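Q: Hi, I'm new to this one. Could you bring it up and walk me through a few spots?

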Amino acid sequence: LVVDTHNRFFSKNKKNYERTRLQSIRRLAERFQLDPEKGKMIRERCLPIYNALLEDPEVAEHPKLNDEENLLQAACFLCEVGKSVNYSKYHRHSAYIIRQCDIIGFTQHDLSIMAAIVQFHRKSVMSTKKIADYPLLIPIIERLKFLSLCLRLAITLNRTWQPDFKFSNIESSEKYLEFTFP
């Protein structure tokens, strides 16, 4: 814990710290036998959606979280970790596993954010009542809804998980998202 905190706040080499975080995510994914290529595909679909929606005025009115893009990427890699417990409610099991594991490079608050993103990327939408397990996250619930929506869209867009599936453009307006496919 001491080394982790020191590296997070005082390390001059941020790349080394990011590498440590990524390695700890990969180790957890390996422990639960997740496909690393599938995690990369989820991330590659999620980040363009995230970047396109950042420009939306409704999203912009809620302050950005510290390191939210990296937390979203980690959630992309770990969103299916709960399938090793039970497939039908894997999003809940994934959230529980993420919250209970000590993942090097992430604070408990970071893990709670990742768990909330993962829990609400599937089935029900996040609400103040449903987020009662995460009381410290209630003030940032709107931003978490946005992040879980990005993950939900990335997974929904391609259920076949073909690596060559891509969209060339995403445009956001007040009431809809427009995806352009090649």
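A: Happy to! Let's begin with a helix face: the side of α6 turned away from its buried side carries the exposed residues Y96 and Q100. Exposed means over 50% relative accessible area, buried under 20%, and partly exposed in between, using a 1.4 Å probe and protein chains only. Helices (H or I, at least four residues) and strands (E, at least two) are DSSP runs, numbered from the N terminus.

Q: Before we go on, what kind of model is this?

A: This is a predicted model, where local features need pLDDT of at least 70, side-chain atom pairs count only at pLDDT 80 or more, and totals for chains, interfaces and linings use all residues. Residues are numbered from 1 along each chain as its sequence is written, and side-chain values use heavy atoms, with hydrogens and water left out.

Q: Thanks! Which residues of α6 are buried?

A: Those are Y90, H91, S94, A95, I97 and I98. They sit on the same side of α6 because they cover an arc of only 165° around the axis. The arc is that of the directions from the helix axis to the C-beta atoms.

Q: Why do residues three or four places apart point the same way?

A: An α-helix has 3.6 residues a turn, so residues at that spacing point the same way.

Q: And what covers the buried residues of α6?

A: The cover includes α5 (68-78) and α7 (108-119), with contact meaning heavy atoms within 4.5 Å.

Q: Tell me about H91. Why does H91 count as buried?

A: Because its relative accessibility is 5%. H91 belongs to helix α6, which spans residues 90-100. Leaving out residues up to four places away in sequence, H91 touches V118, Q119, H121, R122 and K123.

Q: New topic: where does Q33 lie?

A: Q33 is in the loop between α2 (14-31) and α3 (36-53). It has a positive phi of about 55° although it is not a glycine, and Q33 is exposed, at 74% relative accessible area.

Q: What about phi of D67?

A: D67, also not a glycine, has a positive phi near 65°. D67 lies in the loop between α4 and α5, and counts as partly exposed at 27% relative accessibility.
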